[in-house]
Amino acid sequence: MATTTQTTRPVGELLREWRDRRRLSQLELSVRADISTRHLSFVETGRSKPSRDMLLHLAEHLDLPLRERNHLLLAAGYAPVYAESALDSPHMTAVRTAVRQILTAHEPYPAIVIDRAWTMVEANTSIGVLTESVRPDLLVPPVNVLRASLHPEGLAPRIANLGEWRAHLLGRLRRQVAMTADPVLTELYEELSGYPCAEPEPEIELPGPGEVVVPLRVRHEGRELTFFSMVATFGTPADITVSELAIESFFPADEATATVLRTRRG
C-alpha cells in the first residue's frame, strides 16, 4: 500500500480547510454528515480526536478523492486504507485489459488514457493525427498531454480555435485544482496560463451556432478536422490509481473528419 508524502498538519486543520474549499459551514457539513455541530467543531479545533470511521464518513460527505482521504487518516495517526497500485501489477490485469479494449475499439478515432496529473498512460495509434507536429521532446515519456496540447511548439499552432479550446482545458484544470488542492496541478496551471495565445479566451463556454459541445478544430494537411471528446472514468474505484485514471475519446464532429480518419487507418 502506497501513498504520497505524509503531512504533519493537524487533522482538524485539514478538515477545516477542505470544508472551506467546499464552501460549507460547520452547520451544513454537520447536517450532511448527521453529526452534531459541536462535535465537528471539537474535531476541527483539536479538542476531540476523531475515529477512523468518523474521518472516512466526513471525507465521503466532503467528496474527497481517495488520495486525500488517506492523507486525513495519516494526519490523525491512522494507517491509510486505500491502496495505490502500479498499473502493471498482476492484480490490475482486468483494468489494463478493459482500458486496452476501449482504446482499440475506438480506432480509427483518437483516444488516450491519463492520470490525475494529465500524464499520458496509454493511447491508441490514431492519436498520431494530433501529435504528428508536436516538438519531439514534448512527447518523451512521461508526456503531459496539457503541456503537449497548449505549448507554442506543441499542438497549439494547429488548433484553429485555440482561444476557445485553451479556455476549455484551463477551466477543466482549474476545477481539478479546486477539487484536489494538488500543488503539482497548481504549478501546471500556472505554467500553462503563461503560454502565449493571440486569440481571445472566453470566460464562459458558450456554444456557437449549431454546436452542442465545445469543439476541437485542428488543421491537418490543408483542411480542418473537427472533434468533440468524451471522458470516461471507473465507476466504483477502491484503488487510488484506478480512481485517478480517465479515458478521453475523441469523435469526429462531421463526416469530412470521419472520412479523413478512416482513410488514414486504411
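Predicted model: local features only at pLDDT ≥ 70, side-chain atom pairs only at ≥ 80, totals over all residues.
Local features were taken at pLDDT of at least 70 and side-chain atom pairs only at pLDDT 80 or more, while totals for chains, interfaces and linings use all residues. Residues are numbered from 1 along each chain as its sequence is written, and side-chain values rest on heavy atoms, with hydrogens and water left out.

The structure has 19 salt bridges, each one a side-chain nitrogen of Lys or Arg within 4 Å of a carboxyl oxygen of Asp or Glu. One of them pairs E122 with R100, with 2.3 Å between the closest N and O atoms. E122 sits in strand β2 (residues 120-123) and R100 in helix α6 (residues 93-105), so this pair ties together parts 22 residues apart in sequence. Helices (H or I, at least four residues) and strands (E, at least two) are DSSP runs, numbered from the N terminus. E122 is partly exposed, at 27% relative accessible area, and R100 is partly exposed too, at 31%. Here buried means under 20% relative accessible area, exposed over 50%, and partly exposed in between (1.4 Å probe, protein chains only).

R116 and D182 also form a salt bridge, their closest N and O atoms 2.9 Å apart.

E132 is partly exposed at 42% relative accessibility, whereas R158 is buried at 10%.
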